Amino acid sequence: MTRTYSASGRCPACFVTQPGYDHIHVLGNQRPRQRRTDDRVVTKGFATEILGSYGAVWAFFGDLEPALAFGRAARMSWDSSAFGVHDAFHDKQFDANLGRDITTLLVDRDPAHRTRPDEREVLLRWVDGCWSKSSYFCPPERRW
Ligand SMILES: [Zn+2]
């Protein structure tokens, strides 16, 4: 993946910067293909943005349920003013020139999952997906 940087060294396509991500870009009309190879993993999922006195924070989830629960709980904080849940892709690709992985979050700017008529059902599925043997969302059908 070759990128052109401005004289400041900052990527002009990044609409925000955040530790843990080399790039955070708006997802265009061309969606990346999910893949899992030795040097690149692209995962489709959801990105939750929380806004507040701490600024903006983005977090990627492979499943809607924890993405929505995270945003809803964060918004209940006295320090939070808004949240959004967006369709997103997490792209981790090894860069041979840099000798490390480059991590990019691609975000659809429409917070399509911020308000859902089935929010209660989604949150109840999140509760069912909490399992003490896993740090990840783990509904009963995924347990081992
Ligand atoms: Zn960038």
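Glu49 has Trp58, in β4, as its bridge partner. This pair belongs to the antiparallel pairing of β3 with β4, which the two strands make through 7 bridges. The model is predicted. Its chain contains 2 helices and 6 strands, in the order β-β-β-β-α-β-β-α from the N terminus.

**Overall chain**

- The chain has 144 residues, and 22% of them are buried.
- Along the principal axes, the C-alpha atoms occupy a box of roughly 45 × 40 × 30 Å.
- Of the contacts between residues at least 6 apart in sequence, 56% link residues at least 24 apart.

**Strand β3 and its partners**

- Strand β3 covers residues 40-52 and β4 covers residues 55-61.
- A hairpin is formed by β3 and β4, with 2 residues between the strands.
- Besides the bridge from Glu49 to Trp58, Ile50 is placed opposite Val57 of β4.
- Strand β3 also pairs with β5, in the antiparallel sense, over 13 bridges.
- Glu49 takes part here too, standing opposite Gly84 in β5.
- Strand β2 is joined to β3 by 2 bridges, and these two strands run antiparallel.

**Arg35 in strand β2**

- Arg35 lies in strand β2, which spans residues 35-36.
- The bridge partner of Arg35 in β3 is Val42.
- Arg35 touches Arg40 and Val42, when residues up to four places away in sequence are not counted.
- Is Arg35 buried or exposed? Arg35 is exposed, because 11 other C-beta atoms lie within 10 Å and a residue with 12 or fewer counts as exposed.
- Arg35 and Asp91 are 56 residues apart along the chain, and their C-alpha atoms are separated by 9.3 Å.

**Helix α1**

- Helix α1 consists of 12 residues, 64-75.
- From its first C-alpha to its last, α1 reaches 16 Å, close to the 16 Å expected at 1.5 Å a residue.
- The buried residues in α1 are Glu65, Pro66, Ala67, Leu68, Ala69 and Gly71.

**Nonpolar core**

- The largest nonpolar core is made up of 15 residues.
- Phe46, Ala47, Ala88, Leu105 and Val107 have the most contacts inside this core.
- At least two residues of the core come from each of β3, β4, α1, β5 and β6 (100-107).
- Leu105, one of the residues with the most contacts inside the core, is in contact with Tyr21, Ile24, Ala47, Trp58, Phe60, Ala88 and His90, leaving aside neighbours within four places in sequence.
- Among these contacts of Leu105 are Ala47 and Ala88, which are likewise listed with the most contacts inside the core.
- Trp58, the bridge partner of Glu49, is also in contact with Leu105.

Conventions. Residues are numbered from 1 along each chain as its sequence is written. This is a predicted model: local features need pLDDT of at least 70, side-chain atom pairs count only at pLDDT 80 or more; totals for chains, interfaces and linings use all residues. Helices (H or I, at least four residues) and strands (E, at least two) are DSSP runs, numbered from the N terminus. A residue is buried if 20 or more other C-beta atoms lie within 10 Å of its own, exposed if 12 or fewer, and partly exposed in between; C-beta atoms are placed from the backbone. Two residues are in contact if their C-beta atoms, placed from the backbone, lie within 7 Å. The expected span of a helix is 1.5 Å times one less than its number of residues. A nonpolar core is a set of buried Ala, Val, Leu, Ile, Met, Phe, Trp, Tyr and Cys residues joined through C-beta atoms within 7 Å. Two strands pair if DSSP finds at least two bridges between them.
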